[in-house]
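Please read this briefing with the sequence and the model side by side. The notes are grouped by topic, beginning with a single residue and its surroundings.

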Amino acid sequence: LATNQASLGDGARKELSAARVLSVKTDLGVIVLDVGSRDGAKPGMPFNIFREDKPVARVLITDVRSAVSGAVVRELFSPSDKPMVGDLGRAEASQSL
C-alpha cells in the first residue's frame, strides 16, 4: 500500500506557474486545474491559461480541494480559442485587494 501511494505522488507540491487543465465544461465556462490547497491555490486566485506560449483565457479559482481547483472562465482572448485539456495555467502575479 505504501508503494502505491508513493507512486501516485501523494503529497507532492506543484508550482502554481505550472498548472495543467484537467477538465473543461465549455457550456458552463468552468475548468479544473491540477493544483490545490497543498500547492497554495486559494479561492479568488486569478490564473492565465496558455496553449504553448499563446494566451487563451483568464480564469478565477472558485473552489479548491487538496490536489485540484475549479475555476470559472472570466475572459477569452479569442472567441474561437477556448481552454482545452492539457493547456498550461499560470497564477497571475499577486494583486492587492
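This is a predicted model: local features need pLDDT of at least 70, side-chain atom pairs count only at pLDDT 80 or more; totals for chains, interfaces and linings use all residues.

Setting aside residues up to four places away in sequence, V32 touches R20, V21, L22, S23, V68 and S69. V32 is found in strand β2, which covers residues 30-33.

- V32 has a relative accessible area of 26%, so it counts as partly exposed, because buried means under 20% and exposed means over 50%.
- In a regular strand the side chains alternate between the two faces of the sheet.

**The partners of β2**
- Which way do β1 and β2 run when they pair? They pair in the antiparallel sense, over 4 bridges, with β1 spanning residues 19-25.
- K25 stands opposite V30 of β2.
- The two strands β1 and β2 form a hairpin with 4 residues between them. In that turn, G29 has a positive phi of about 70°.
- Strand β2 is also joined to β5 by 4 bridges, and these two strands run antiparallel.
- V30 has V72 as its bridge partner in β5.

- S69 lies in strand β5, which covers residues 69-76.
- Although V32 and S69 are 37 residues apart along the chain, their C-alpha atoms are separated by 5.6 Å.
- Is S69 buried or exposed? S69 counts as buried, because its relative accessibility is 2% and the cut-off for buried is under 20%.
- A polar atom of the S69 side chain lies 2.7 Å from the backbone oxygen of V35.
- Beyond its neighbours within four places in sequence, S69 is in contact with residues including I31, L33, G36, A41 and I61.

**The protein overall**
- The protein has 1 helix and 6 strands. Along the sequence they follow the pattern α-β-β-β-β-β-β.
- Of the 97 residues, 31% are buried.
- Among contacts with a separation of 6 or more, 55% are between residues 24 or more positions apart.
- The accessible surface comes to about 6,200 Å², and 53% of it belongs to carbon and sulfur atoms.

Methods. Residues are numbered from 1 along each chain as its sequence is written. Side-chain values use heavy atoms; hydrogens and water are left out. Buried means under 20% relative accessible area, exposed over 50%, partly exposed in between (1.4 Å probe, protein chains only). Contact means heavy atoms within 4.5 Å. Accessible areas come from the Shrake-Rupley method with a 1.4 Å probe; for residues, only the protein chains shown count as cover. A polar contact is a pair of N or O atoms within 3.5 Å; within protein, one must be able to donate a hydrogen and the other to accept it, and residues adjacent in sequence count only if both atoms are side-chain atoms. Two strands pair if DSSP finds at least two bridges between them.
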